[in-house]
Amino acid sequence: MKAIRIHEFGGPEVLRYEGIPDPKPRKDQVLVRVKACAMNHLDLWVRKGLPGVKLPHILGSDIAGEIVEVGEYVTGFKAGQRVLIAPMHFCNHCAKCVAGLQNQCPEFTVLGHMVDGGDCELVAVPAVNVIPFPDKLDFIQAASVSLVFLTAWHMLVGRAGIRQGQTVLVLGGGSGVGIAAIQIAKLFHAYVITTAGDETKLEKARALGADHGINHYKQKISEEVRRITNNAGADIVVEHVGTATWEESMKSLKPTGTIVTCGATTGSNAGFDLRFLFSRQLSLLGSYMGTMGELYEVLGHVFAGRVKPVVDRTFPLKEARAAHEYMEASQMFGKVVLIP
Ligand SMILES: [Zn+2]
């Protein structure tokens, strides 16, 4: 089969489109022909070099495709079924996994991070990862859901415990997690404020349900949040930007408010005054991916059409380098998807 692999870490030039042996499914696995694999910022970080990545390595986390072959021990699936693949690897037998807390499994990692991913033509994955999706979604849309919607669901629902009618500030409303978080917060009838660096992205974020948009280059986020909320502040801030916004995120919270973070795109150092944290009784929560149960929960809303994946554009798999360069320029609104 053909695959995009890296043999060394570096810029987009290290991506190689090459022929490699087809994967052989184990008896508990399903072989899937990849029809679409959506990109995430994780692809860029893995390509640039993350500890624990073994080379050569196949990138790509968010896979949708068609079942080719079903292992002897697998029941309930058949060849030809359209499926998406839960974008995570876990052991499925430790105490955390059997309790349904897959993202706490000692072996947990994201597909395409510490294990090979889906930027290729065929993947073999355990049957537990395989999820059929309804006809109204095409492969490109189906590939655009899992990682960002699961991440945003775990942040807002699993970690921050969002309640109806709260005020939620979603940083980076044009990002994958931002697009998902805006829509999930609206499911809970939240008042949603979001930020972006240009008016076009803010307009698109409002079309997804955001009640108010802040241009973070022209306006000070916390001042604008205070103005919009009559000085009350936000109940929850969805963070993934890091150093560039952390202080503003904390200042945007109301007393007893919560910041939940899943990333640090602009840097991982954040300084703050501990007196501000305790006197205002703030909560700072970390969040990483989510559980299989949460994935099924949020997919239920996607399949019912209550929240929707947003696709920016597609590239042929062999043009992965151009796709990486496009993503690094940050001009997209929604998912960039590779098509084998
Ligand atoms: Zn486990």
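Contact is taken here to mean heavy atoms within 4.5 Å. The structure is a predicted model, in which local features need pLDDT of at least 70 and side-chain atom pairs count only at pLDDT 80 or more, while totals for chains, interfaces and linings use all residues. Residues are numbered from 1 along each chain as its sequence is written, and side-chain values use heavy atoms, with hydrogens and water left out.

Leaving aside neighbours within four places in sequence, Ser287 is in contact with Thr151, His154, Met155, Arg159, Val260, Thr261 and Cys262. This serine is found in the loop between strand 16 (283-286) and helix 10 (292-303); helices (H or I, at least four residues) and strands (E, at least two) are DSSP runs, numbered from the N terminus. Ser287 has a relative accessible area of 10% and is therefore buried, given that buried means under 20% relative accessible area, exposed over 50% and partly exposed in between (1.4 Å probe, protein chains only). Met289 is placed in the loop between strand 16 and helix 10 as well. Met289 has a positive phi of about 50° although it is not a glycine, and at 4% relative accessibility it counts as buried.

With 71% relative accessibility, Asn230 counts as exposed. Another backbone feature is the peptide bond from Leu55 to Pro56, which is cis, with omega near -5°. Pro56 belongs to the loop between helix 1 (41-48) and strand 4 (57-58).

Turning to the metal site, the zinc ion is coordinated at 2.3 Å by the SG atoms of Cys91, Cys94, Cys97 and Cys105. Donors are N, O and S atoms within 2.8 Å of the metal (3.2 Å for Na, K and Ca); water is not among the atoms, so sites may look incomplete. The angles subtended by the four donor atoms run from 103 to 116°, so the arrangement is tetrahedral. The donor residues follow the spacing C-x2-C-x2-C-x7-C in sequence. Both Cys91 and Cys94 are buried.

Not counting residues up to four places away in sequence, Ile63 touches Val34, Ala36, Cys37, Val83, Leu84, Ile85, Leu111, Gly117, Gly118, Val123 and Ala143. Between Ile63 and Gly286 there are 26 Å in space, C-alpha to C-alpha, and 223 residues in sequence.

Charged pairs complete the description. A salt bridge is a side-chain nitrogen of Lys or Arg within 4 Å of a carboxyl oxygen of Asp or Glu, and by this rule the count comes to 15. One of them joins the side chains of Arg26 and Asp28 (3.0 Å, N to O); Arg26 is partly exposed at 47% relative accessible area, and Asp28 is partly exposed at 33%. Glu72 forms a salt bridge with Lys27, the closest N and O atoms being 3.6 Å apart. Because Glu72 lies in the loop between strand 5 and strand 6 (82-85) and Lys27 in the loop between strand 2 (15-19) and strand 3 (29-38), this pair ties together parts that are 45 residues apart in sequence. Glu72 is exposed, with a relative accessible area of 62%, whereas Lys27 is partly exposed at 43%. The side chains of Arg275 and Asp273 also meet in a salt bridge (2.8 Å, N to O); Arg275 counts as exposed at 56% relative accessibility, and Asp273 as partly exposed at 36%. Elsewhere, salt bridges that share partners join Arg47, Lys48 and Glu328 into one network.

Note on methods. Four donors count as tetrahedral if all angles lie between 85 and 135 degrees; four count as square planar and six as octahedral if opposite donors are over 155 degrees apart and all others between 65 and 115; anything else is irregular.
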